[in-house]
Amino acid sequence: MSELLRIQGLSKSFGRKRVLEDLDLAVESGRVYGLLGCNGEGKTTLARILMGIIPADGGDVLYKGRRIAFGESAYKREFGYVPEDPFFYEDMTVRGLLDFNARFYPRWDRKRAAADLERFALDPKSRVGTLSRGMKLKLGLVVALAAAPEFLILDDPTSGLDVPTRQGFLRDIIRELAASGTTILFATHLVHELERIVERLLVLHGGRLILDEDFEKVKAQHQASLEDIFVNLVTKA
Amino acid sequence: MIRVDASSFIPIYEQIKKEIVRLVATGQLKVHDPLPSIRDLAAEIIVNPNTVARAYRELEQDGLLSTQKGRGSFIADGAAPEASSKLKAYLGRIMDEAIAEAKTFDLGGDAILGLFEDRLRRSADRRRGGRHE
């Protein structure tokens, strides 16, 4: 497996609070990385730095061996991002939003976007502002997947949603994995979601990764559920 | 048909393997029966497709499945006796654990056997009782 992304010595503070501290991570292509951390431990900060939304204070991010500079946008065409609260232009229609996004992504798959809308029962004529949070999440996923990303970042997208909606979302991620072998970084504090799809487990605590290990190995070592493993690691750290 | 418990510490691919072994050993899956595609089973039970692929691959190595390119996976010839012996080995391991535990309480062979017989009787009673409900 080849290396898709490398993070070296990444650090970020907000005021006096150090959120990320000298963080290192290597991401191999085609794998699912589960990023666990309590609320406020920097999962979203890491996702936002990778997406070029905020700059890091120090350190490097290399994508396919090339260093990414803040403000650069070309690499983002190969990234998909579904945040906890997707920001959309509320006055746009669903179709308008898709057309708007299509212009930015050279690999945009119109057929796929249309098929996904139908599968999710999203009306292209609906105004984005009228959609429920669950429907917005689905729309976020439609947009992210239509761009045929090589690297998909999911930042706690399912928190606050009901169980059937969350399971439906996971199923769609699984279909995506089976069809395209997309590399995924799935940040969450909901451990149950993760243990079904994670291959490599990352635990972010105190600004560092206190765990970066194959999930099966971690399970075999601890002989416990992911929930217990997580609580154990975080309270010991 | 196939169920997994994602929060169990038993790896999910092992659980999938055991489920298929159980279905073959109990005759619910027969020789040459097709299995769901990796993608379909993964979506159905909500697990990573790579996990299903690993279970299928290992079952193939064990001679329980045969996979033909473009046609999917099938229960292989001679899978039934192989599945029965695997299931017996699996149950044997659980019994071994119970026996080892019993020995820490200084129970002898007769006492352990008595316990097994007692549990068997109770489970048979429960089943008989169930029919009258």
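Predicted model: local features only at pLDDT ≥ 70, side-chain atom pairs only at ≥ 80, totals over all residues.
A crossing of two helices is right-handed if the near helix is turned clockwise from the far one by less than a right angle.

Start in chain A. Helix H3(A) covers residues 110-119. H3(A) passes H4(A) in a right-handed crossing. Their axes lie 9 Å apart, and the packing angle is about 160 degrees. Angles over 145 degrees count as roughly antiparallel. H3(A) and H4(A) are therefore roughly antiparallel to each other. From H3(A), the contact draws on Arg112(A), Ala113(A), Asp116(A) and Leu117(A). From H4(A) come Val142(A), Leu145(A) and Ala146(A). By type, the residues of this contact split into five nonpolar, no polar and two charged.

Now turn to chain B and its own helix pair. Helix H1(B) spans residues 12-25, and helix H3(B) spans residues 49-61. These two pack at about 50 degrees, with axes 8 Å apart. On the H1(B) side, the contact uses Ile12(B), Tyr13(B), Ile16(B), Lys17(B) and Ile20(B). Facing them in H3(B) are Thr51(B), Val52(B), Arg54(B), Ala55(B), Glu58(B) and Leu59(B). Seven of the contact residues are nonpolar, one is polar and three are charged.

The largest nonpolar core has 85 residues. Within this core, Phe186(A) and Val24(B) touch the most other members. Helix H4(A), residues 133-146, gives the most to the core, with eight residues. What does Val24(B) touch, leaving aside residues up to four places away in sequence? Its partners are Leu29(B), Leu64(B), Ile75(B), Ala79(B), Ala80(B) and Ala83(B).

The two chains also meet directly. Chain A puts 20 residues into the contact, and chain B puts in 13. On the side of chain B that touches chain A, H2(B) (38-45) and H3(B) each supply at least two residues. H2(B) gives the most to that side, with four residues. The residues on this side of chain B divide into nine nonpolar, three polar and one charged.

Two loop residues deserve a look at their backbone. Ile46(B) sits in the loop between H2 and H3 of chain B. Its phi is near 55 degrees, a positive value in a residue other than glycine. Is Ile46(B) buried, exposed or partly exposed? It counts as partly exposed, because 18 C-beta neighbours fall inside 10 Å. In chain A, look at Lys64(A). This residue belongs to the loop between strand E4 (58-63) and strand E5 (66-67). Phi of Lys64(A) is near 50 degrees, also a positive value in a residue other than glycine. With 15 C-beta neighbours inside 10 Å, Lys64(A) counts as partly exposed.

Finish on helix H5(B), residues 109-132, where Ala124(B) is found. Ala124(B) has 10 other C-beta atoms within 10 Å. A residue with 12 or fewer is exposed, so Ala124(B) is exposed. How far apart in space are Ala124(B) and Ser84(B)? They are 22 Å apart, C-alpha to C-alpha, and 40 residues apart in sequence.

How values were computed:
Residues numbered from 1 in each chain as written. Chains lettered and ligands numbered in written order. Core = buried A, V, L, I, M, F, W, Y, C linked by C-beta atoms within 7 Å. Buried ≥ 20, exposed ≤ 12 C-beta atoms within 10 Å, placed from the backbone. Contact = placed C-beta atoms within 7 Å. Axes fitted to C-alpha atoms, helices over the stretch in contact; angles between N-to-C directions. Nonpolar A, V, L, I, M, F, W, Y, C, P; charged D, E, K, R; others polar. Parallel < 35°, antiparallel > 145°, perpendicular 65-115°, else oblique.
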